Amino acid sequence: MTYFLAQDNFEELQTIEGEFVGGRFGSALACLGDIDHDGYGDLAVGAPYEDESGGAVYIFNGNRDGVSRKRSQRLIGTRFSPTMRGFGISISEPRDVNRDNYSDIAVGAYLSGQVVLLRSAPVVTINVTLTYPQIRLLRNATSFVVDLWMSYEGAYVPENLRAIAILKVDELHARATYRAQNSKTDGPQTYKLRYTLSKATVARNSLEIHLTEDIRNVIDPLEISVSVQLEDDLDVRNESSSCASCVVINKLRSKIDDLVKLPFAVDCGEDNVCVSDLRVVLSTDSTRGGNRYIIGSTSTIALRVDAHNRGELAYQTRVRIFTEVLPLASIPPECIENPRNVLEVICDLGNPLRTNKTLTLQLDTSMMRYDVRQVELRANISTQSDEANWDDNSHAITLYFDVDIDIAIAGKAQENLYSYLREESEKKPPNSVRFQHFYEIQKFGASPIEEAVLTVKIPTHILRSHDTGDIAIVSINDTIGRMDAYEFYCSDSNETEGLSVASKKMDNAILVRAENNTHARFSIEEDTPMNVPSENRTIYINCTNSAIKCARIDCRLGPFLSSLSVAKFLVTLNLQLSNFPADLTKGKDIIFYVTEGSVAITRPYNIAQREGHKPDTVLVATTFLGSPIAQRIAVWIIALSVILGIALLILLILALIKIGFFNRKKKMELEALRAETDKKYNVVLETTSSTEVLDHD
């Protein structure tokens, strides 16, 4: 059930969750008015399918913040009749049926055909207090007196009520007892006292407590507690029984019990008066300095409370810590939480506190809202001893919260390049080629992301004239999305075929080539350049092309609680090669196909990503390479090639002549050899030149 506040627009004020799954909590609502006469309107909520369809009605009391999240009553249908079914499907407007100034309601039970009239009972607020007029117990005392103060009030309530006070005296150590004629023991150190209270009158009852002899433990305080019950309490009797004089206790506003701890006065000098000098200091475990934290970097904050006593013993020393936003994760055993609108923690620091003591509280930041940027923590220390200086008994610090949020997307194709046969080839070309594009979304930064939207744009049609209609070139075969082992679902936003994310495992989504691992890890940090083929050979298919119609897939992702939260999206596509128009593929043997993925943070709202954030958009491309195009060579190209070849040959011959490649020096070399031989051996050799031999042959 969500409660809205209407100003210019509806604004969500608070949400109250049902206690049982399937109970249909919120099927019926009724504004009851101020049934407890506390100045705030109250609310009844029906849950007709709770309690095995017996049904139930919840009562929530109003307060200054709206409606209390904690119910004040739960009325079960089977309590009124064992055959009751569907109790709480409808709730009437409040009416004062019996004229007792309290509104009554009728509740319908449609499955059993019954109606129950619920009459409101007078609501009383009870206050009980125990007081001890002195500061400490003297060791030589034999008895002492505590005062029990009781009162009740309410609108249109009885003038007198019968009350039972349950008194407990030093249960743990049994160092004192209570003796009176009108008391009745109810266990060790427990006594029942009966009183008659009058409306709007504070009753004071003095109780004399007797100390036992030879008390050895004077360090632990003597504890006396009291709790009050009403004999005419409708909750105690039975909510379904008829009781004209019965009342209901407002448990949220009543104080029905109290406890006093009485210390023994010792070790405080000859005057037996302890004068302490207390000081309290708050600090945190912030490593950034200045009590600054990043939302999401830690689930708890350690709050350190240092109490110092520079004087004599401080009895009944307590420190109170206040905060309005942060709940508690854990507290030391010396501390208790006081249920109030403002969180108050009360810690006993010792009885007595001699010198110094340190306590550590854990504050819960796991549900920290992004609109809260600072929280003030206050502490106050008090004692029953006399205090020498009250100036440093309080301390306050402010916690500051920053946002570190970033989300990035990366993408890749299962195969970057596919080959196919064109229609001009001798073999039969394929009708379609199946391929896959894969996207991965990951959170960076410490702050969690409640929800993000992944948008994938897929080119599917070529826009043509109205006569021929759009041509489908790509069909979406399948989409698979998983995040943290769970599936997420997507929707499309145009007239293309409806999409649904199949409940298949990502590891089994390899459809084209089994030896390729579609899901091999790749880093968001990668910035792989896109190799775009040349324009003269390529058909470009992408969503920036005005001649291309695209399908848009939107997927809601989240929450991203840590950097380990990763969303993966796989889309399987079929390229319809046979559908490409001949005029478009003429002279083109490459198809360059590109899908586009982008991610945007939707919750929390209006939160900017950190400076220099990682990319929010990525393009994934696949290239389809067709068989080579056979083209005729022009005649002028052949002629030009022949002329250039002849010119090159002439230049080569001229160069060989230039270097003397064709000169014959053999004859000259032989004649020089003959002359040298004749001179050396004095023999005349007959030689014949090579040219003569050649001529003779």
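User: Which residue stands opposite Val 128 in strand 13?

Analyst: Met 150 is the residue that stands opposite Val 128. Before we go on, this is a predicted model, in which local features need pLDDT of at least 70 and side-chain atom pairs count only at pLDDT 80 or more, while totals for chains, interfaces and linings use all residues. Residues are numbered from 1 along each chain as its sequence is written, and side-chain values use heavy atoms, with hydrogens and water left out.

User: What counts as a strand, and when do two strands pair?

Analyst: Strands (E, at least two residues) and helices (H or I, at least four) are DSSP runs, numbered from the N terminus. Two strands pair if DSSP finds at least two bridges between them. Here, strand 12 and strand 13 are joined by 7 bridges and run antiparallel.

User: In what order do the strands of the open sheet lie?

Analyst: The order is 15-18-13-12-20, so to speak a row of 5 strands with mixed pairing. Strand 15 (176–178) and strand 20 (248–249) stand at the edges with a single partner strand each, so one side of each has no neighbour in the sheet. Strand 13 (residues 143–153) is joined to strand 18 (residues 203–211) by 8 bridges, and the two run antiparallel. There, Phe 144 is opposite Ile 209. By contrast, strand 12 (residues 123–131) and strand 20 run parallel, with 2 bridges, and Val 124 faces Ile 249 in that pairing as the residue opposite.

User: How do I read a salt bridge, and how many are there?

Analyst: Side chains of opposite charge can pair when their charged atoms come close. The rule asks for a side-chain nitrogen of Lys or Arg within 4 Å of a carboxyl oxygen of Asp or Glu. By this rule there are 26 salt bridges. In one of them, Arg 74 meets Glu 50 at 3.1 Å, N to O. Arg 74 belongs to strand 8 (residues 73–76) and Glu 50 to helix 1 (residues 50–53), so the pair ties together parts 24 residues apart in sequence.

User: Are Arg 74 and Glu 50 buried or exposed?

Analyst: Buried means under 20% relative accessible area, exposed means over 50%, and partly exposed is in between (1.4 Å probe, protein chains only). Arg 74 has a relative accessible area of 18%, so Arg 74 is buried. Glu 50 is buried too, at 2%.

User: Which salt bridge partner does Asp 402 have?

Analyst: Asp 402 pairs with Arg 292, and their closest N and O atoms are 2.9 Å apart. This links distant parts of the chain, with Asp 402 in strand 33 (residues 394–402) and Arg 292 in strand 24 (residues 292–294), 110 residues apart. Arg 292 is partly exposed, at 32%. Salt bridges can also share partners: Glu 223, Lys 261, Arg 318 and Asp 348 are joined into one network that way.

User: What describes a pair of aromatic rings?

Analyst: Such a pair is described by the distance of the centres and the angle of the planes. Rings of Phe, Tyr and Trp (its six-membered ring) pair if their centres lie within 6.5 Å; planes under 30 degrees apart count as stacked, over 60 as edge-to-face and the rest as tilted. The whole structure has 13 aromatic pairs. Tyr 418 and Phe 624 are stacked, with 5.5 Å centre to centre and 20 degrees between the planes. Tyr 418 lies in strand 35 (residues 417–420) and Phe 624 in strand 46, 206 residues apart, and both residues are buried. The rings of Phe 435 and Tyr 593 have planes at 75 degrees and centres 5.4 Å apart, so this pair is edge-to-face. Tyr 418, Phe 435, Tyr 593 and Phe 624 form one aromatic cluster.

User: Where is Ile 607, and what does Ile 607 contact?

Analyst: Ile 607 is in the loop between strand 45 (590–603) and strand 46 (617–626). Contact means heavy atoms within 4.5 Å. Leaving aside neighbours within four places in sequence, Ile 607 is in contact with Tyr 370, Arg 373, Val 403 and Ile 405. The C-alpha atoms of Ile 607 and Tyr 370 are separated by 8.3 Å, although the two residues are 237 apart along the chain. With a relative accessible area of 18%, Ile 607 is buried.
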